[in-house]
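Subject: Structure handover

Hi,

Here is the structure I promised to pass on to you. Please open it first, and then read my notes alongside.

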Amino acid sequence: MEGSLKPMDAEQLREYGHRMVDFIADYYKSIESFPVLSQVKPGYLTELLPESAPNDPECLQDIFDDILQKIIPGITHWQSPDYFAYFPSNSSSSWILGRNAQCWIEHCGTFRQGWVIQGTASEAILVVLLAARDKILRKVGKKSLEKLVVYASDQTHSALQKACQIAGIFPENLRVLKTDLTSNYALSLEVVSEAISSDLSAGLIPFFICATVGTTSSAAVDPISELGKLAKAFNMWFHIDAAYAGSACICPEYRHYIDGVEEADSFGMNAHKWFLTNFDCSVLWVQASQENAVVDFKDWQIPLGRRFRSLKLWLVLRLYGVANLQSYIRNHIRLAEQFEQLITSDSRFEYASALFPPNDQDNGYKLNHGLLDAVNSSGKIFLSHTGISSCAVGAPLTEDRHIKTAWQVLQEQASTLLKPY
C-alpha cells in the first residue's frame, strides 16, 4: 500500500484532514459565485462518470476537481446567502467540528445518552403518533383502530399524513382542517371543536391533535394553549410540531408563541433548520410515563441504533452561546421585516397573499407562477412555491445586501412579465 491512503494512518489523516478543511472553507468563501438553484438537467451526471470504480488509488486533488466540475453544478446551494426557499437548513463551522467529533466517537465505542434526538421531525411525529395510538387502543380495544381520528390544519407538514399511513390510521380519518388569512393561517379552535363533536356523534374516536409553530408553507403558528386545553378535555394526545420556528423561542420576545406548551404530550424542534446544527438533528421532548423508573430510550425512536447527534448540538451551544444564537435569530427576523417593507413599497405586490394582486380570472396565479419560474431560472436567488408565495430568510450567510438583491431580481422579472399587460 506504499504511496496510497492507509487505513487509520494518523499522519495521513492529519494531512488529508487539513486539505479537506481548506476545500470546505474555500467552498463557503465562494458560495455566492454559484447559481443558487442547479442549472443542469436531471441525469446529467451519468455521462460524466466512468463506467466503473478505479482499480488504483487516485489523488485527493483529482477528487476535489471532480467535485467542483461534476458534483457542484448539480447542487442547489441551501447555505447560499441568496437562498430564500422552503425553510432554513443551517450549517456552521461549529457543526462541522462537531460532526467530525461525532464520527470519531461513534466509531470509538458506545456512549450512553440520557435522552434521544430523532433524525427528523418526520420520525418524531411518527414516534409520538404510534405512542398515542397504542395508548388509546389499550383503553378502547385493538379492534377500534378504524375509528381513530387525527386533527391538524391544512398548513401542517405532509409528514403527518405519511405518519398516519405508516401507523395504520385510515386516510379518511385524517382531518385536514381549512385555515385562511384572517387568522394568519392558524388553526381555528372553533373549527377543531366542531370537527371533534361531529366525529364523536358519528361514533369515531378523536385521539390526536397536531399543532404547528411555524408551518413550512406560511410560517403559521397555531393557538397552542387553547388547543392543548381542548385536547386535554377530550383525553387526546397533543403534539406540537415546532420543527421550523421553535428555534426562535430561545428569544424571550418570541417565547409567547409556545405559551401553553406545558399542556403538550410531545414537542419537536429541528435544530437542523434554524439553529446552526446541520442535518440530521431533531429534538423531541415527550411527557414520559412515571410507571417505570428506567426509560429504555431505544423505544423512543424508530431504529434501535442511533447516531451521537447530541454532540454536534452540544458544540454549537458551547461555541456560540445563547446570546449569539439569539442575535442570529433576531437578525434573520430583522431581514425578513426589511423584505416585507420592500414588498409593501411596490403596488404590484401584496404581502402574505400573492406575489401579484389578483387581476384576472385566474386570480393572478399565471403571473405568480411565471414570476417564480423566471426568478429561479435566473440562478441569482431561489424562492419556493406555496399557495401564498414564500421567501424564507434563514441562511447563515444572508446579509442586508442579499435581501436588496433578491428584491431587485423580483422587480426586474416582474417588469419583464408585465410588459404584455
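Below are my notes, from the whole chain down to single residues.

This is a predicted model, in which local features need pLDDT of at least 70 and side-chain atom pairs count only at pLDDT 80 or more, while totals for chains, interfaces and linings use all residues. Residues are numbered from 1 along each chain as its sequence is written, and side-chain values use heavy atoms, with hydrogens and water left out.

The protein chain holds 11 helices and 7 strands (DSSP runs numbered from the N terminus: H or I of at least four residues for helices, E of at least two for strands). Of its 421 residues, 44% are buried (buried is under 20% relative accessible area, exposed over 50%, partly exposed in between, with a 1.4 Å probe and protein chains only). When contacts (heavy atoms within 4.5 Å) between residues at least 6 apart in sequence are taken, 77% of them join residues at least 24 apart.

The axes of α4 (residues 121–140) and α5 (residues 159–167) come within 9 Å and cross at roughly 45 degrees (axes are lines fitted to C-alpha atoms, for helices over the stretch in contact, with angles from 0 to 180 degrees between N-to-C directions). That makes α4 oblique to α5 (under 35 degrees is roughly parallel, over 145 roughly antiparallel, 65 to 115 roughly perpendicular, and the rest oblique). From α4, Ser122, Ile125, Leu126, Leu129, Leu130 and Arg133 take part in the contact, and they meet Ala159, Leu160, Ala163, Cys164, Ile166 and Ala167 of α5. By type, these residues are 10 nonpolar, 1 polar and 1 charged (Ala, Val, Leu, Ile, Met, Phe, Trp, Tyr, Cys and Pro are nonpolar, Asp, Glu, Lys and Arg charged, and the others, Gly among them, polar).

Next, some backbone angles. Most residues other than glycine have a negative phi. Tyr185, not a glycine, has a positive phi of about 65 degrees; Tyr185 sits in the loop between β3 (174–177) and α6 (189–201) and counts as buried at 14% relative accessibility. Asn235 has a positive phi of about 55 degrees, in the loop between α7 (224–233) and β5 (237–241). With a relative accessible area of 58%, Asn235 is exposed.

Finally, which residues does Tyr44 touch, leaving aside those up to four places away in sequence? They are Lys70, Ile71, Pro73 and Gly74. Tyr44 belongs to the loop between α1 (10–29) and α2 (60–71).

Best wishes
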